[in-house]
Amino acid sequence: MTWSFEVTPVDHPDAAQLLREYLDEIASRFYERQVTEEELDGLLLEHHSRDLVPPTGTFLLAWRDGVLAGCAGLRVASPDITELTRVFLRKSERGNGGAALLVAAAEDVARGLGASLIRLDTRRDLVEARALYARLGYDEVEPFNNEPFAHHFFAKSLEVPDRV
């Protein structure tokens with residue numbers, strides 16, 4: 001099983017498709033029902049990802065064995081802080097270590113953007129995401145925004161410790 005990751009324009013058709021799948025899943029989970037196509041179109045406009053482009057951010061696509069598998073976005077919050085967002089793997093790609101590899105790839109890109117700290121927020125019902133971030137060394141921190149769908153806040157240092 002081979003994973004690969006590539007920074008891709010957020011308006012690329014593959015990126016747009018994965019963002020649609022991502023929002024469909026998280027909105028349907030939140031509303032505890034399948035959202036309609038009309039609702040999804042509205043949510044995509046309201047919760048756009050247009051800022052996930054240089055210099056304000058970037059967008060990463062993931063492939064497993066050459067098949068489009070997932071995505072992650074990075075938003076520059078300040079010169080040394082980047083926010084991780086839109087982390088998503090298709091259901092068929094979950095459970096085989098891809099999420100950890102995707103987050104690690106996003107962390108590498110964040111370092112390349114100059115970040116020494118990466119942070120994120122997530123909802124209380126996204127228990128799998130919270131467990132993943134804790135397992136990957138993210139610590140729960142005080143809220144850093146007042147987004148209505150943000151219930152848990154995490155951060156992780158991206159600085160490499162000095163070797164002795």
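**A walk through the fold**

Asp65 is a handy place to start: at 46% relative accessibility, Asp65 counts as partly exposed (buried means under 20% relative accessible area, exposed over 50%, and partly exposed is what falls in between, using a 1.4 Å probe and protein chains only). What you are looking at is a predicted model, in which local features need pLDDT of at least 70, side-chain atom pairs count only at pLDDT 80 or more, and totals for chains, interfaces and linings use all residues. Residues are numbered from 1 along each chain as its sequence is written, and side-chain values use heavy atoms, with hydrogens and water left out.

Let's stay with Asp65 for a moment. Asp65 sits in the loop between strand 2 and strand 3 (67-78) (helices are DSSP runs of H or I with at least four residues, strands are runs of E with at least two, and both are numbered from the N terminus). The backbone does something to look out for here: phi of Asp65 is near 50 degrees, a positive value in a residue other than glycine. Glu32 has a positive phi too, near 55 degrees, and Glu32 is likewise not a glycine. You'll find Glu32 in the loop between helix 1 (13-31) and helix 2, where Glu32 counts as exposed, at 73% relative accessibility.

Another backbone detail involves two prolines. Pro54 and Pro55 are joined by a cis peptide bond, with omega at about 5 degrees. Pro55 belongs to the loop that runs between helix 2 (37-46) and strand 2 (57-64).

Now for the pockets. The largest pocket has a volume of about 1300 Å³ (on a 1 Å grid over the protein atoms alone, a pocket is an open set of points where a 1.4 Å probe fits, with protein on both sides within 12 Å along at least five of seven lines, and lining residues have an atom within 4 Å of a point). Its lining takes in 45 residues, and those nearest the centre are Tyr22, Ile26, Val87, Thr122 and Leu126. Several elements give two or more residues to this lining: helix 1, helix 2, strand 4 (81-89), helix 3 (98-112), strand 5 (117-122) and helix 4 (127-135). Helix 1 provides the largest share, eight residues. By class, the lining of the largest pocket holds 23 nonpolar, nine polar and 13 charged residues (Ala, Val, Leu, Ile, Met, Phe, Trp, Tyr, Cys and Pro count as nonpolar, Asp, Glu, Lys and Arg as charged, and the others, Gly among them, as polar).

The second largest pocket contains about 240 Å³ of space. It is lined by 14 residues, with Val10, Leu19, Leu44, His48 and Ser49 closest to its centre. Helix 1 and helix 2 are the elements that give two or more residues here, and helix 1 gives the most, with five. This lining splits into seven nonpolar, three polar and four charged residues.

Next come the charged pairs. Side chains of opposite charge can pair when their charged atoms come close. The count in this model comes to 13 salt bridges (each one a side-chain nitrogen of Lys or Arg within 4 Å of a carboxyl oxygen of Asp or Glu). Take Glu128 and Arg29, whose side chains meet in a salt bridge at 3.1 Å, N to O. Glu128 is in helix 4 and Arg29 in helix 1, so this pair ties together parts that are 99 residues apart in sequence. Arg29 is partly exposed, with a relative accessible area of 29%.

Asp51 pairs with Arg75, and their closest N and O atoms are 2.5 Å apart. Asp51 lies in the loop between helix 2 and strand 2, while Arg75 is in strand 3, so the pair connects parts that are 24 residues apart in sequence. Asp51 counts as partly exposed at 24% relative accessibility, and Arg75 is partly exposed too, at 21%.

Where would you look for a buried pair? Glu107 counts as buried, at 6% relative accessibility, and Lys156 counts as buried at 18%. Finally, Arg20, Glu37 and Asp41 are linked in a network of salt bridges.

Definitions and conventions. Points joined across faces, edges and corners; volume = space filled by probe spheres on them.
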